[in-house]
Amino acid sequence: MSEPTKKSMDEIMALCKRRGFVFQASEIYGGLNGFWDYGPLGAQLKKNLRDAWWADCVLNPPAAPGGGDVAMVGLDTCIIQHPKVWEASGHVAGFNDPMVDCRESKKRYRADHLWVRSATGLDGQVFLVCLAAGGAEEANDAWGAMKRRKDVPGPIWDLLVQASGTDRAYTDLSPEQRAAVLGPDASKPGSLTDPRPFNLMFPTIVGATGDWETNKAYLRPETAQGIFVNFKNVVDTSRVRVPFGIAQTGKAFRNEVTPRNFTFRSREFEQMEIEFFCRPEDAREWYVYWRDNRLAWWRSLGLASDNLRLREHDADELAHYAKEGAGTSDIEYRFPFTFPGFGELEGVSHRSDFDLRQHQQHSGVKMDYFDQERNERYIPHVIEPSAGLDRGVLALLCEAYTPDPERASKVYMKFHPRIAPIKAAVFPLVNKDGMPEVAERLRNDLRARFSMIEYDAKQSIGKRYARMDEAGCPFCFTIDGETLTDNSVTVRDRDTLSQERIALDAVVGYLADRLGSAR
Ligand code: ATP
């Protein structure tokens, strides 16, 4: 396995802007922290990833553990649900992050992202702080980045250079030690408050006559609860029988204390979630099924094995709903900003019967399932693979980004053909002599079969290839003088740069073979 190298996040973000993958939301008004828009190429990339997930999880899921079919259905539920949904799910009481305010800079941080080293200066012992979401592993990098900053004031820089000791979590300090902490954006120690819980749900008011007391509702912080509250509806109206799964994709909103790392931690994002209902005694087997298949799925889309890992949670990390001995794992990707560490892409967890039981208790509606064959009534257990679509897109963008000084574009996006936003480009070599007519006909044939086919007749062929390399288009077909005499075209491969001639009427089949089930 080759040594993994750290790519430049600044360069990746610059390409995303330049080529229309991702824009800052409300950019002309200065942007809004934690919100991102997708440009033409980004919107298609995101759609391709969402469609691939739907195709492989809902329409054609992997075979069951012992062989045989896996029953899956889809759902599309509201962003705003009855507020009691979030009381039952535990989000109103417990969906909190510990938050710390800086009285001097007025900035706000997540307490569990603050990492501390000690130094002596400014009349005594001081604790310096750096920001790192990925834990102590990432903190080491963050110290390095702080030392490279040119705007650190002299006295603080002196402290920074001598700051030593292993990184300690801010939350582990005593109140006296916290009083000696110099905040990341402060000039004097003691400006940080104690950690306080901050609820991450976005509140809103429903109706024209509403007020915060009587008509308060929330934007959903996850798509999962829309599935649980419809469990009975799905069982009663479709022919699914346990074991089966319900899947949904959609927006989720979290008022993150410190949105950061491009789209990785946003305040508005999209999830792709499955709730798989099974008999309690089969939960372990289905957990392993989903964990392994979800990892294999991300790999099948081109995320290299050394950048992708599965991390089983330790017993002390398990969420409140997870049973002792039940599995919870994260599928993690090595992003440039977590390098050499990893960041979560998807969580797979055995949620026991927690959610259905909670909704049964809060709504008074029975959430049990009647197994006709066994003549038995029970509340099913749930395995939840919960993936972030935006984090998936970000991982694909980071993985695809490939610097290549030999190319005119200096960089190309090596997307797996299945998720590449532009599937193929068609070029007439020159914009005359009958070539545009043939090229347009080919373009039309391809458009009828595949999504996003680019047509470009301008500039030199080299420049056109360079544009497609940066957009990550895997195949370019060129119509030239020879095409008019022997009906052949040149196909150029983005990754190998090889060019071969194939018959004009073989192009559709050529692309279909290479794109698999993708359109
Ligand atoms: P984290 O620990 O990174 O905040 P989480 O464990 O709270 O994530 P889950 O509640 O398990 O995340 O949500 C499932 C998935 O939703 C995550 O694996 C991630 O891909 C995505 N996700 C969660 N929060 C965000 C966010 N703020 N921005 C983008 N994607 C997110």
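Which residue follows H16, and what is its phi? H16 is followed by Gly-516, whose phi is positive, near 60 degrees. Helices here are DSSP runs (H or I, at least four residues) and strands are too (E, at least two), numbered from the N terminus. This is a predicted model, where local features need pLDDT of at least 70, side-chain atom pairs count only at pLDDT 80 or more, and totals for chains, interfaces and linings use all residues. Residues are numbered from 1 along each chain as its sequence is written, and side-chain values use heavy atoms, leaving out hydrogens and water.

**Helix H16**
- In H16 (residues 507–515), Val-507, Tyr-510, Leu-511 and Leu-515 are buried (under 20% relative accessible area, 1.4 Å probe, protein chains only).
- They sit on the same side of H16, because they cover an arc of only 115 degrees around the axis (taken from the directions from the helix axis to the C-beta atoms).
- Among the elements that the buried residues of H16 pack against are helix H13 (435–449) and strand E23 (424–428) (contact means heavy atoms within 4.5 Å).

**Around the ligand**
- Strand E17 (343–352) is one of the strands that each supply at least two residues of the shell around the ligand, and the largest share, four residues, comes from E17.
- A backbone N or O atom of Ser-266 lies 2.8 Å from a nitrogen atom of the ligand.
- For Arg-391, a polar side-chain atom lies 3.0 Å from an oxygen atom of the ligand.

**Cysteines**
- The structure has zero disulfides (pairs of cysteine sulfur atoms within 2.5 Å).
- Cys-57 is in no disulfide, and the nearest cysteine sulfur, that of Cys-278, is 16 Å away.

Notes:
Buried < 20%, exposed > 50% of the residue type's maximum accessible area, 1.4 Å probe, protein only. Polar contact = N/O pair within 3.5 Å; in protein donor to acceptor, adjacent residues only side chain to side chain.
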